[in-house]
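Reader: I've got a model open and I'd like to learn how to read its helices. Can you walk me through it?

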Amino acid sequence: MTAPSSLPETGALTGHRTAHGDFILSAEELREITAFTVAAAREALSIFEDACPTDPRPRQAIEAAQLVVDGATRSRIQRLAAPAAHRAAKLAPSAAAYHAAMAAGDAGASMYLHPLARASQVAHILRAPAHAACAWEHAASHGSSQAALERAVERATPMLMAVLMRYPRAANSTSRVSDYMAHLDAALRDAAVGGNLGSGARA
């Protein structure tokens with residue numbers, strides 16, 4: 001999930017500037033999305049670092065994304081760090097480490113969510129926690145992936161849900177990551193409609 005250069009916008013991710021397409025995404029909303037993906041990726045980071053202790057790229061992607069969450073303008077830092085983490089994933093020695101690095105890269109690119117009503121855009125919101133769940137599935141005992149998905153739902157805030165509901169549902173596919181994305185998408189939408197949203201506390 002590389003950071004595209006063609007996003008229609010009125011300015012960088014700073015202040016109250018917004019991105020325009022089929023609807024409006026505010027800077028605050030993009031930061032909320034990024035915080036959600038960073039929390040999931042950070043949980044799984046140790047899985048990669050235990051396997052590849054000398055490779056800093058996934059951690060750097062998470063740290064670059066955290067800068068945006070903390071108020072920095074998105075920049076070349078995120079544009080370089082996110083694909084670097086994805087490259088690290090390709091060299092990972094195990095499926096668990098691969099998915100953990102992918103989660104980090106996806107979190108690093110999540111602030112480049114497009115305001116376009118396409119199902120493919122939902123990946124910017126849900127693919128990082130889906131990869132993190134896959135990492136736990138391969139690394140730990142049965143049930144840990146479900147726990148990771150449940151934590152992601154608990155972390156969801158009303159603002160994040162308001163953004164997700166502007167997009168079509170995640171597209172179905174045959175991959176495990178896509179399955180987890182669809183599971184999260186359905187759970188979050190059901191929680192939003194039913195008013196059963198979690199506390200939304202940032203991890």
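**Helix 5 and a helix pair**

Author: Let's start with helix 5: its 17 residues reach 23 Å from first C-alpha to last, close to the 24 Å expected at 1.5 Å a residue. That expected span is 1.5 Å times one less than the number of residues. Helices here are DSSP runs (H or I, at least four residues), numbered from the N terminus. This is a predicted model, where local features need pLDDT of at least 70, side-chain atom pairs count only at pLDDT 80 or more, and totals for chains, interfaces and linings use all residues. Residues are numbered from 1 along each chain as its sequence is written, and side-chain values use heavy atoms, with hydrogens and water left out.

Reader: Why is helix 5 largely enclosed by the rest of the structure?

Author: Buried means under 20% relative accessible area (1.4 Å probe, protein chains only). Helix 5 is largely enclosed because 12 of its 17 residues are buried, including His124, Pro129 and Cys134. Its cover includes helix 1, helix 4, helix 6, helix 7 and helix 8.

Reader: At what angle do helix 1 and helix 4 pack?

Author: Two packed helices are described by the angle between their axes and the distance between the axes. Helix 1 (residues 27-51) and helix 4 (residues 95-109) pack at about 150°, axes 7 Å apart. Axes are lines fitted to C-alpha atoms over the stretch in contact, and angles run from 0 to 180 degrees between N-to-C directions.

Technical notes
Helix = DSSP H or I, 4+ residues; strand = E, 2+ residues; numbered from the N terminus. Buried < 20%, exposed > 50% of the residue type's maximum accessible area, 1.4 Å probe, protein only. Contact = heavy atoms within 4.5 Å.
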